[in-house]
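Please look through the sequence and the model shown here before reading on.

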Amino acid sequence: MRKIFFLAVLLVSSNLTAAELPNRIVSVGGAVTEIIYTLEEDQRLVGSDTTSYYPPAAAKLPKVGYQRNLSAEGILSLNPDLLLVTEDAGPPPVLAQIKNAGVQILTVKSAKSVAHVRQNIKSIGSVLGKTDQALSLIKDLDQILKTVLLKVSKQTNRPSILFLTSHGTSTPMVAGDDTSASALIGLAGGHNVADGFSGYKPLTPEAAVKYAPDIILITSRSLKMNGGKEGILKIPGIRLTPAGRSENIVHMDGLLLLGFGPRTGAAALELHEKMQAPL
């Protein structure tokens, strides 16, 4: 029978013995996996989902499917004693099947803020017996964010940014409020022009012109799938925006940009510097 870890105990104890710690972990969510690596507990990982590709070693772990479409058989075949997931993980019947098989499941936030990142680092650090290291990691994160905030306080302009996601053949979507893209834009000192609604919605040519962004922000993967900068500029309405006319398209790695994990401070700093380049 699989060993069950009692979360209430794990989250209040920072002095766990080796026998009490999970030894075979499947992680779901790129930022979750990254936290485990940053805490130097990756030797406990036996598998992860397809969003877990950083650091490079994480990409080599056995994969159990996309985080929203997990495989119960794939997970159980790895004989885990802990499944560590975000709120996005699913589908629910798969998680129920895994829980019924005796595997403990720890769910952390689908982070969209720095507060969520801190909370997730603390929770994962506690379950791994790395409370002190987790607090140190949070201090490092906060130190970088202080640097970003200082730079933002000195900036003379607040660029308007439109985060765009497109898989090439589908309708482009834009990020509104309550998204990790919007949160990072704010951290970096920009203004998300697609506000006034929550989540993502399709981009129409009329909306693109109305938004009038200075910068189009996109993940490197979406940029590639759309045929590069020229492909983005062909999206109806984009050429009529200030960003389109100046061909000001900024791209970043998707997990770095949207993951809200240990590198969130570095992501905000990188985006800030790219935003401050001549428009």
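**Helix packing and the parallel sheet**

Helices α6 and α13 are roughly parallel to each other, because their crossing angle falls in the class under 35 degrees; angles over 145 count as roughly antiparallel, 65 to 115 as roughly perpendicular and the rest as oblique. The axes of α6 (residues 131–154) and α13 come within 8 Å and cross at roughly 20°. Axes here are lines fitted to C-alpha atoms, for helices over the stretch in contact, and angles run from 0 to 180 degrees between N-to-C directions. Helices (H or I, at least four residues) and strands (E, at least two) are DSSP runs, numbered from the N terminus.

This is a predicted model, in which local features need pLDDT of at least 70 and side-chain atom pairs count only at pLDDT 80 or more, while totals for chains, interfaces and linings use all residues. Residues are numbered from 1 along each chain as its sequence is written, and side-chain values use heavy atoms, with hydrogens and water left out.

From α6, the contact (heavy atoms within 4.5 Å) takes L141, I144, L145, V148, K151 and V152, and from α13 it takes T264, G265, A266, A268, L269 and H272. These residues divide into eight nonpolar, three polar and one charged. In this scheme Ala, Val, Leu, Ile, Met, Phe, Trp, Tyr, Cys and Pro count as nonpolar, Asp, Glu, Lys and Arg as charged, and the others, Gly among them, as polar.

Helix α13 (residues 264–275) also packs on α7 (residues 180–187), at an angle of about 65° and with the axes 8 Å apart. The two are therefore roughly perpendicular to each other, and their crossing is right-handed. L184, I185 and L187 of α7 meet T264, A267, A268 and L271 of α13. By class, that contact has six nonpolar, one polar and no charged residues.

The next pair of helices is α2 and α5. Helix α2 (residues 30–38) packs against α5 (residues 114–127) at about 55°, with axes 10 Å apart, and the pair is therefore oblique. Their crossing is right-handed. V32, I35 and I36 of α2 make the contact with N120, I121 and I124 of α5, a group of five nonpolar, one polar and no charged residues.

Four strands form an open sheet in the order β2-β1-β5-β6, with parallel pairing; two strands pair if DSSP finds at least two bridges between them. At the edges are β2 (45–48) and β6 (104–108), each pairing on one side only. The twist averages 20° from one strand to the next.

Strand β1 (residues 25–27) pairs with β2 in the parallel sense over three bridges. V26 has G47 in β2 as its bridge partner, and S27 stands opposite S48. Together β1, α2 and β2 make a right-handed β-α-β unit: with the strands pointing away from the viewer, the path from the first strand over the helix to the second runs clockwise. Helix α5, the packing partner of α2, lies across β5 (82–86) and β6 and runs at about 155° to β6.

Definitions and conventions
A crossing is left-handed if the near helix is turned anticlockwise from the far one by less than a right angle, and right-handed if clockwise.
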